[in-house]
Amino acid sequence: MKKNRRIAMSDAFINEHKLSTKAPPKDSLFWTLWNSCEEIAHQALATDFVQGIKAGTLDPVKYGGFNVSDAYYCFHGADDYLKAASKATDPTLKAFLTKKYNSYVSYNNTFPKTWHVKNAEGIEPIDVCRDYSEFERQTVSKLAPIYCLIVMLPCEYLWAWLGAELAPPTKGNVYAPWITGNNDPSGAYAMGNFIDAYQKTKPIEYSMAQMIYAKAMTYEFNNFQAATL
């Protein structure tokens, strides 16, 4: 299962491209999009899966099944970042997308040892996970590369927000590593700050960004909800 600390960008990359991991400005697109969908985030927080993580009572079979399904998303997510990078002409955007691709590849390389799956081909994900992955693929294929970051942003920040909402884990909670591993918004903040800087010279269509973001957030909620059905 994704852990923000394991797919974060290095300090060297952050410094090289003058990115900031501080919370974006209050009037930024990052917060405008988040605020418009915060109710969906609270719905995700209330799911049996996330509350089971908090209480340490989640059925380990459900947890394992979700992890394997999530691997399907992550394998395809790496491909989506690579495709977007190949289309990008802005050098910093290309570097950002390429770095995210490399981070996902590094994380995905842990799946064979941890969950005994080496690629997406042998995984039968839950339906909503497959649909979510396909939505991301279509977004990256049809739209400008910057929208790859928009469609990925809900995943980037929601998991960090959930980690913060569940923290600190109770003593003895077997799912404590999930909570502490995701309680790190720095990567999402870096992405939000990059988007904010990018749109100052190359405007992003708000209505399109809002539609993509809201749909991705809804997929996130539905994915958590379906995990315990």
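At roughly what angle do the axes of helix 9 and helix 12 cross? In this predicted model, the crossing angle is roughly 40 degrees. The two axes come within 9 Å. Helix 12 spans residues 206–226. Angles of 65 to 115 degrees count as roughly perpendicular and those under 35 degrees as roughly parallel. Helix 9 and helix 12 are therefore oblique to each other. Their crossing is right-handed.

Helix 9 supplies Tyr147, Ile150, Val151, Leu153, Pro154, Cys155, Leu158, Trp159 and Leu162 to this contact. On helix 12, the residues met are Met208, Ala209, Ile212, Tyr213, Ala216, Met217, Glu220 and Phe224. By class, the contact of helix 9 with helix 12 holds 16 nonpolar residues, no polar residue and 1 charged residue.

Helix 9, residues 146–166, also packs against helix 3, residues 38–45. Here the axes come within 11 Å. They cross at roughly 55 degrees. That angle makes helix 3 oblique to helix 9. The crossing of helix 3 past helix 9 is right-handed.

From helix 3, Ala41, His42, Ala44 and Leu45 take part in the contact. Their partners in helix 9 are Leu158, Trp161, Leu162, Glu165 and Leu166. The contact of helix 3 with helix 9 comprises 7 nonpolar residues, 1 polar and 1 charged.

Notes. Residues numbered from 1 in each chain as written. Predicted model: local features only at pLDDT ≥ 70, side-chain atom pairs only at ≥ 80, totals over all residues. Heavy atoms only, no water. Axes fitted to C-alpha atoms, helices over the stretch in contact; angles between N-to-C directions. Helix = DSSP H or I, 4+ residues; strand = E, 2+ residues; numbered from the N terminus. Parallel < 35°, antiparallel > 145°, perpendicular 65-115°, else oblique. Left-handed = near helix turned anticlockwise from the far one by under 90°. Contact = heavy atoms within 4.5 Å. Nonpolar A, V, L, I, M, F, W, Y, C, P; charged D, E, K, R; others polar.
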